[in-house]
Amino acid sequence: MAKYVGKRIVLALVTVFIVCAITFFAMNAIPGGPFNGEKATSPEVKAVMERRFNLDKPVPEQFVIYMKNVLHGDFGVSAKTGRDIGKTISSSFKVSAKLGGMAVIVAIILGLILGSIAALTRNKLPDRLIIFLSTLFTSLPSFVFATLLLMVFCVKLKWIPVYNPENRNYILPVISLAAYPMAYITRLTKTSMLDAMGQDYVRTARAKGVVSWKVLFKHTLRNALIPVVTYVGPMIASILTGSLVVESIFNFGGLGAKFVDSITNRDYPLIMGVTIFLAVLMVTMNLITDIVYKIIDPRIKLD
């Protein structure tokens, strides 16, 4: 296990480095810069600002300087606001993490419950209704669903305020973020449980007179969790960072909104800082997912 974890950490570091390199060079390959749109900025001030952020140097040299600073824990400051990138990510991620954490819990719990019900009532009315809803939520883009919820509950019915900075309402954003992963987990759980229910060990347990709930939770559901865990790991990483569009629709001000603003403003330091943070989060969740495999099913060998 320790050898495997060590290998995965090395691969994770290589992955993050490749993501950094691709993002950095692609970002600088686009014509323009963070100070080109400033009409009131004189050429002299622009030159000073470019020197401040090393934009006057060749791109490869910029990348080397930036990576050296990152290795020392320095992500720099925003080219637009002058705020420390680390503090910006930390404060924004708290909002996204709270929103995403709620969506993850809702998606996993409802997905497992609905998937189990669909498997146990195969080809019956509950199963058909659940599959219909899961297909609908899977095919419906999150930004379309979020817009519909906003129009119905905020604009038409006026049950929920459109935006309240002092008291954020998490109901509609959580539903918007949780709908797709919940539907996907539902389908995965149903398929996995149907496969597990047809295995010999389940039939043997039933033949020995083991009670139905024990067969369901101890034998069927536990073995059906493996493909679900495969999806849940990366899903948690993507949801915890917050949906870019959903956060923008509900004006939530999380990490996703900051990332969109950084791209719009060509804020190179903030773009790189958020990208590195997301990459580290994703590879970490993938590593945790692989380790959880071993805990759920000891037969799995981590080479």
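A cavity here is a set of points, on a 1 Å grid over the protein atoms alone, where a 1.4 Å probe fits but cannot get out, and its lining residues have an atom within 4 Å of a point. This is a predicted model, where local features need pLDDT of at least 70 and side-chain atom pairs count only at pLDDT 80 or more, while totals for chains, interfaces and linings use all residues. Residues are numbered from 1 along each chain as its sequence is written, and side-chain values use heavy atoms, with hydrogens and water left out.

**The second largest cavity**
- Searching the whole structure turns up two cavities of 30 Å³ or more, a volume being the space filled by probe spheres set on the points, which are joined across faces, edges and corners.
- Around it sit Phe137, Leu140, Pro141, Ser142, Phe145, Ser176, Ala179 and Tyr180.
- H7 (171-197) and H6 (142-156) each bring at least two lining residues, helices being DSSP runs (H or I, at least four residues) numbered from the N terminus.
- H7 gives the most, with three residues.

**The nonpolar cores**
- A nonpolar core is a set of buried (under 20% relative accessible area, 1.4 Å probe, protein chains only) Ala, Val, Leu, Ile, Met, Phe, Trp, Tyr and Cys residues joined through side-chain atoms within 4.5 Å.
- In the largest core, with its 58 residues, Tyr66, Met235, Ile236 and Phe250 touch the most other members.
- H12 (268-296) is one of the helices supplying at least two residues of this core, and H12 gives the most, with ten.
- Another core lies apart from it, with five residues, including Met193 and Leu221.

Notes: On a 1 Å grid over the protein atoms alone, a cavity is a set of points where a 1.4 Å probe fits but cannot get out, and a pocket is an open set with protein on both sides within 12 Å along at least five of seven lines; lining residues have an atom within 4 Å of a point. Buried means under 20% relative accessible area, exposed over 50%, partly exposed in between (1.4 Å probe, protein chains only).
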